[in-house]
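Dear colleague,

I am handing over the structure below, and my notes on what was found in it follow directly after. Please read them with the model open beside you.

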Amino acid sequence: AYQIEGGWNEDGKGESNWDHFTHYHKNKIKTHENGDVACDFYHRYESDIELMHKMHIPASRFSIGWSRVLPQGIGQINQKGIDFYNKVIDKSLKEGVTPWVTCYHWDIPQALEAKGGWTNRDVIKWFEEFVEVCALKFGDRVKNWMVFNEPMSFTLAGYMLGIHAPGGAISFDKFYASTHHVVMSHGAGGRIIREHVKNANVGTTFSCIPIDGWKDKPANLEAAKRVDVMANRLFIEPVLGMGYPLHDLPALKHIEKYIHAGDEEKMKFDFDFIGLQNYTRWVVKNLGLVPMVHAINIKPSKMGHDLTEMGWEVYPEGMYRIIKQFAAYPGVKKIYLTENGVAFKDELVNGEINDVKRIQYLKDYLQQVLKAKRGGINIGGYFIWSFLDNFEWAEGYRPKLGIVAVDYKTQQRTIKASGKWFSDFLKG
Ligand code: GAL
């Protein structure tokens, strides 16, 4: 929602934490930009969905802006916000593009953020109310649901590091509190969708990243295991009913002060599928000075790797490794790759963007998905991040991840060579 919609204060929409963050903490966004207009999807959804159809894209994943449907987070429903998503859903179905809805992609209403947002235990109730509105209003037509987008990203970047909304000083306490409430909300949200949506396919998505130890040195391999707990295991294991991986990362014991009697049972939810989102890998080195994980990432540039515009290493094998790692959990029944894609510098020459590097990246990563599927892993599908170039959070609009370019001055869309390639690929 926040990355593409724009229309930030239109038709009764309330302020979200990202509206607030980008307006009042401009310096935290590298380019000082915001999502006020973004790709203007709020006004252009019809032609964008028609373009998806034209490109043979069979499914589109998008999120519901919480403050668009519930401006204050709870209480009064904004009918015009509901109307907007109804129009997007109906248009998608009409064009043969199946809607895959994520309830929460990082934009909590500012009215709730002001009360502590995800650090406040009441958020579980607030979130239940929001998910119930989504399920009741859209569940007659939307069957594929994801409760969260990448819980690790917004708890870590938002509440611990303060580089994403809501910002603020570094805080471990806020991270532990928000982590537990988000874990609890996975179960809470999943149960509500299951209760209200007939034949729902309920999932949730996780960021995931293979972690290696620098030069395979024993201390670095141990460091890699600790980072793996943070990056890959912390959210999924309690949701699968395995509890928090405290044993393998003792610093996490601080989370215990937020756990109430009976919580462990409620954290569990039997998801129909898990969405995995992978872009790169990390190589880490043991470093006692670093709190919690006692490790640091080696900069990919130091290792002489080909880098993306996000500064990430291109590492297709990581896709296969991470699928294997998550598929090994007995509770994971089915996997969708709900995000994968890349930012490279795009050049518009004579009206065309010949992004050959992106095509190669997508082919190489898809090859690894295919390898996992052929190896017997139950993989349901793959979504590119992203259809359109969009607002890339603290990076602003500079990194372009779309297979369709957006000229933000004119809002003109240009299908990149990768978009044409993907369209051919989808055609079979
Ligand atoms: C994910 C996130 C997306 C997008 C993408 C590319 O972490 O869910 O919103 O920003 O990364 O960086």
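I begin with His56, which sits in the loop between helix 2 (41–54) and strand 1 (59–63), where helices (H or I, at least four residues) and strands (E, at least two) are DSSP runs numbered from the N terminus. The phi of His56 is near 65°, a positive value in a residue other than glycine. His56 is partly exposed, with a relative accessible area of 35%; here buried means under 20% relative accessible area, exposed means over 50%, and partly exposed lies in between (1.4 Å probe, protein chains only). His294, which is not a glycine, has a positive phi of about 50°; His294 lies in the loop between strand 7 (282–286) and strand 8 (295–297), and is partly exposed at a relative accessible area of 33%.

Before going further, please note that this is a predicted model, in which local features need pLDDT of at least 70 and side-chain atom pairs count only at pLDDT 80 or more, while totals for chains, interfaces and linings use all residues. Residues are numbered from 1 along each chain as its sequence is written, and side-chain values use heavy atoms, with hydrogens and water left out.

Two cis peptide bonds deserve a look. One runs from Ala165 to Pro166, with omega near 10°, and Pro166 is placed in the loop between helix 7 (151–160) and helix 8 (172–196). Another joins Trp385 and Ser386, with omega about 15°, and Ser386 belongs to the loop between strand 12 and strand 13 (404–407).

As to the ligand, 13 residues surround it, the closest being Gln3, His105, Asn149, Glu150 and Glu392; a residue counts as near if one of its heavy atoms lies within 4 Å. By class, this shell has 6 nonpolar, 4 polar and 3 charged residues, with Ala, Val, Leu, Ile, Met, Phe, Trp, Tyr, Cys and Pro counted as nonpolar, Asp, Glu, Lys and Arg as charged, and the others, Gly among them, as polar. Polar side-chain atoms of Glu150, at 2.5 Å, of Asn149, at 2.9 Å, and of Trp393, at 3.0 Å, each lie at the stated distance from an oxygen atom of the ligand. The protein covers 94% of the 310 Å² of accessible area that the ligand has on its own, areas being computed by the Shrake-Rupley method with a 1.4 Å probe.

Ser16 is found in the segment before helix 1 (17–24) and is buried, with a relative accessible area of 1%. Leaving aside neighbours within four places in sequence, Ser16 is in contact (heavy atoms within 4.5 Å) with Tyr2, Ser67, Asp107, Ile108, Pro109 and Gln110. In helix 1 itself, Asn17, Trp18, Asp19, Phe21 and Thr22 are buried, and the buried residues of this helix pack against strand 2 (98–104) and helix 5 (110–113).

Helix 12 (residues 317–327) has Gly318, Met319, Tyr320, Ile322, Ile323 and Phe326 buried, and their cover includes helix 9 (218–233), strand 6 (273–277) and helix 13 (356–374).

For the whole, the protein has 14 helices and 14 strands, and buried residues make up 59% of its 428 residues. Among contacts between residues at least 6 apart in sequence, 75% join residues at least 24 apart. Along its principal axes the C-alpha trace spans about 50 × 50 × 45 Å.

Conventions: Polar contact = N/O pair within 3.5 Å; in protein donor to acceptor, adjacent residues only side chain to side chain.
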